[in-house]
Amino acid sequence: MQYNSEDAMAYAFTMTTGCDALMLGRVTYEGMAQAWPNMGGNPYSDHVNAITKYVVASQPVDTGAWDPTVVIPGDDLAAQVAKIKEQDGKDILIWGCGRLTDALMEHGLLDEYRIWIYPVIRGEGQRLFRDGTETTLELTDSTAFDSGVVVLTYRPASAGGDTGGDRDGSQRP
């Protein structure tokens, strides 16, 4: 929490309210669904709670805990996300990293990475990318905040600047 400077929070708010959908893997969804429905009373959490959550899962998921939620079967990920991206609307935000982001990248469905780097070094933790993940990225933006946090924005180099399929022409997952 010590790195939640006003400028970083404003950036996160603008990024989040520029989205009308949130996509999560099952494990991330289950953790978030325990906390977020109990948050509210401010524009940020009210927006997150109101937008559609897409949870990608190969196992049953309790979607009643955090409405509105739509389950995307893991074996139908590419087709379902391609359909969602063709619809009119704003950006889709993804929280977390792992198999979901790797699978979207493999299918050419991930338009942008925004990687938040905090000025803390830890010799342990979850990996950002899984073994065998490989792609070439192009840095499109960097934003530094007063707290020392930096957001690096990358686009897969193969995207060549074309974000076809975006619901509003802006960067999408």
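Helices and strands here are DSSP runs, numbered from the N terminus; a helix has at least four residues and a strand at least two. The model is predicted.

Start with the second largest pocket. Its volume is about 480 Å³. The lining counts 21 residues, and Gly25, Arg26, Val56, Arg99 and Leu100 are the closest to the pocket's centre. Three elements each supply at least two lining residues: helix H2 (26-35), strand E2 (52-57) and helix H5 (99-106). Which of them gives the most? H5 does, with four residues. By class, the lining of this second largest pocket holds nine nonpolar, nine polar and three charged residues.

Now turn to the largest pocket. Its volume is about 1400 Å³. It is lined by 35 residues, of which Ile94, Trp95, Gly96, Arg114 and Trp116 are the closest to the centre. Again, several elements take part. H1, strand E4 (91-94) and strand E5 (113-117) each supply at least two residues of this lining. The largest share comes from H1, with five residues. The classes divide into 22 nonpolar, six polar and seven charged residues.

H1 also packs against another helix. Two packed helices are described by the angle between their axes and the distance between those axes. Helix H1 (residues 6-17) meets helix H3 (residues 43-50) at an angle of about 25 degrees, and their axes lie 10 Å apart. Angles under 35 degrees count as roughly parallel, so H1 is roughly parallel to H3. The crossing of H1 past H3 is left-handed.

Which residues make this contact? On the H1 side they are Ala12, Phe13, Thr16 and Thr17. On the H3 side they are Pro43, Tyr44, His47 and Val48. By class, the contact has five nonpolar and three polar residues, and no charged ones.

One backbone feature remains. Where is Pro68 placed? Pro68 sits in the loop between E2 and strand E3 (69-73). The peptide bond that joins Asp67 and Pro68 is cis, with omega at about -10 degrees. E2, at one end of that loop, is also one of the elements that supply the lining of the second largest pocket.

Technical notes:
Residues are numbered from 1 along each chain as its sequence is written. This is a predicted model: local features need pLDDT of at least 70, side-chain atom pairs count only at pLDDT 80 or more; totals for chains, interfaces and linings use all residues. Side-chain values use heavy atoms; hydrogens and water are left out. Axes are lines fitted to C-alpha atoms, for helices over the stretch in contact, and angles run from 0 to 180 degrees between N-to-C directions. Angles under 35 degrees count as roughly parallel, over 145 as roughly antiparallel, 65 to 115 as roughly perpendicular and the rest as oblique. A crossing is left-handed if the near helix is turned anticlockwise from the far one by less than a right angle, and right-handed if clockwise. Contact means heavy atoms within 4.5 Å. Ala, Val, Leu, Ile, Met, Phe, Trp, Tyr, Cys and Pro count as nonpolar, Asp, Glu, Lys and Arg as charged, and the others, Gly among them, as polar. On a 1 Å grid over the protein atoms alone, a cavity is a set of points where a 1.4 Å probe fits but cannot get out, and a pocket is an open set with protein on both sides within 12 Å along at least five of seven lines; lining residues have an atom within 4 Å of a point. Grid points are joined across faces, edges and corners, and a volume is the space filled by probe spheres set on the points.
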